Amino acid sequence: MKRLSTNFNLAIFVLFLRLWLPSTAALPIFATKKLKTFDRFEEVGDRAPVKTFTSSMFEHWSPEKSLTKATASGWNYQDTNAWANLPKSECGAKQQSPVDIQPRLSEKKAFPKFTFENYGNIDKMGLINSGSSVVYSLPKDFPKDRVPSISGGGLNDIYNFAQFHLHWGANSNKGSEHLINSKSYPAELHLVHYNTKYGTFADATTHSDGLAVLGIFLSVGPNDNAFFQPLVEQLDSVITSQLETTLTNLVSFTNLLPRQTTSFYRYSGSLTTPLCNEIVIWTVFDNPIQISEKQLAKFRKLKDNQAKSLVDNFRPAQLLNGRIKFYRSFTGCEIPQSWPFTSTPFMDAFTWTTCIINFAFSPWQ
Ligand SMILES: [Zn+2]
């Protein structure tokens, strides 16, 4: 009984300690402070994909038609070394992507958790065959205050969603851009976000912290991934390059993420298509999501700009050139963001106490 009341007192103490602390940001793993509102949303939702896309640096990354026209240039995946010779290309520079991630050479870092805002269901997304991938973007009339965004996870700013696209192989032995221990996954999903402090996607692309891209590996499992079905079921309508359509079913952003987003690799890199601008803070989750071989086959039926099969649309791994890759591992200290207003405050208090004790006795990172 005495022991029980001691535990109870400890829980109360921790509860008050938690409320008393001015900010949780001082502790690296708890920095999930409430997002401030801001009034300068970019009008990314005002632009729909267009049929006049030409091959360019931004077709892959931006829903903005003006940029794609302005930077049009010819390139393909058959000769990626030639990309460096394109006008204004950065493809031969020193901080390029993708890279081959060697987990044992990565430095561990206690990044905060990611915060995903508006990562719910989105209806009527646009889908375009860009000739080098399929690009999914927000509908033209999408409300600005509902644009998905990410923050935390070691990012210094809030990044708004711009589009997502994929890379895949002709078969399941290859396809991803990033490699783990020199091994490929069958495909890789890229969720592209731009830094809201620069106002627009276009302005963000002139800064080294302009884009935050989440890389998610796709592995092949025995069953269809129901959350991926809305993305694949209309691929038949965009077989030819530059065709576009509107998705009829809801896309659940949360379910495009791996179940566990608490461990990931982080490094500074570039766009993986010309002009390979070094403007990307990369996050590569080590937990893949699964889709079926049948679903993957739908992507392999698409055609590129030359009406050939759109497959193997991945850039080979680039040299690290001394860049440090960081790794955030799951700490066991993940407190719900709504804390202390949870249904299990005492359990949370206990978890939190354990965390603090472990944190206090763990060596500095
Ligand atoms: Zn990509």
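Two strands pair if DSSP finds at least two bridges between them, and by that rule strand β14 (residues 264-269) has six bridges to strand β15 (residues 280-292), the two running antiparallel. Strands here are DSSP runs of E with at least two residues, helices are runs of H or I with at least four, and both are numbered from the N terminus. Keep in mind that this is a predicted model, where local features need pLDDT of at least 70, side-chain atom pairs count only at pLDDT 80 or more, and totals for chains, interfaces and linings use all residues. Residues are numbered from 1 along each chain as its sequence is written, and side-chain values use heavy atoms, with hydrogens and water left out.

**Around β14**

- Five of the six residues of β14 are buried, so the rest of the structure largely encloses this strand; buried means under 20% relative accessible area, exposed over 50%, and partly exposed in between (1.4 Å probe, protein chains only).
- On the β15 side, G269 has V280 as its bridge partner.
- Strand β16 (residues 326-328) also runs antiparallel to β14, with three bridges joining them, and R266 stands opposite F326 there.

**Zinc site**

- The zinc ion takes its protein donors from H165 (NE2), H167 (NE2) and H190 (ND1), at 2.0 to 2.1 Å.
- Donors are N, O and S atoms within 2.8 Å of the metal (3.2 Å for Na, K and Ca), and since water is not among the atoms, sites may look incomplete.
- Along the chain the donor spacing reads H-x1-H-x22-H.
- H167 in strand β8 (residues 159-168) and H190 in strand β10 (residues 187-195) link distant parts of the chain, 23 residues apart, and both are buried.

**Rings and charges over rings**

- There are 19 aromatic pairs in the structure; rings of Phe, Tyr and Trp (its six-membered ring) pair if their centres lie within 6.5 Å, with planes under 30 degrees apart called stacked, over 60 edge-to-face and the rest tilted.
- F164 and F253 make an edge-to-face pair, because their ring centres are 5.8 Å apart and their planes sit at 75 degrees.
- That pair links distant parts of the chain, with F164 in β8 and F253 in the loop between β13 (251-252) and β14, 89 residues apart; both are buried.
- Y185 and F217 are stacked instead, at 4.4 Å centre to centre and 15 degrees between the planes.
- Ring pairs also link up a cluster whose members include F111, F164, F253, F285 and F326.
- K109 has its charged end over the ring of F326, 4.5 Å from the centre, while R266 does likewise over F111 at 5.2 Å.
- A charge sits over a ring if NZ of Lys or CZ of Arg is within 6 Å of the ring centre and within 35 degrees of the ring normal.

**Salt bridges**

- The structure has eight salt bridges, each defined as a side-chain nitrogen of Lys or Arg within 4 Å of a carboxyl oxygen of Asp or Glu.
- K197 and D157 meet in one of them (3.5 Å, N to O), and D157, K197 and D209 are linked in a network.
- K197 is partly exposed at 46% relative accessibility, whereas D157 is buried at 17%.
- D224 bridges to K294, with the closest N and O atoms 3.6 Å apart; D224 is partly exposed at 38% and K294 is exposed at 62%.
- D236 and K298 form another, at 3.3 Å between the closest N and O atoms.
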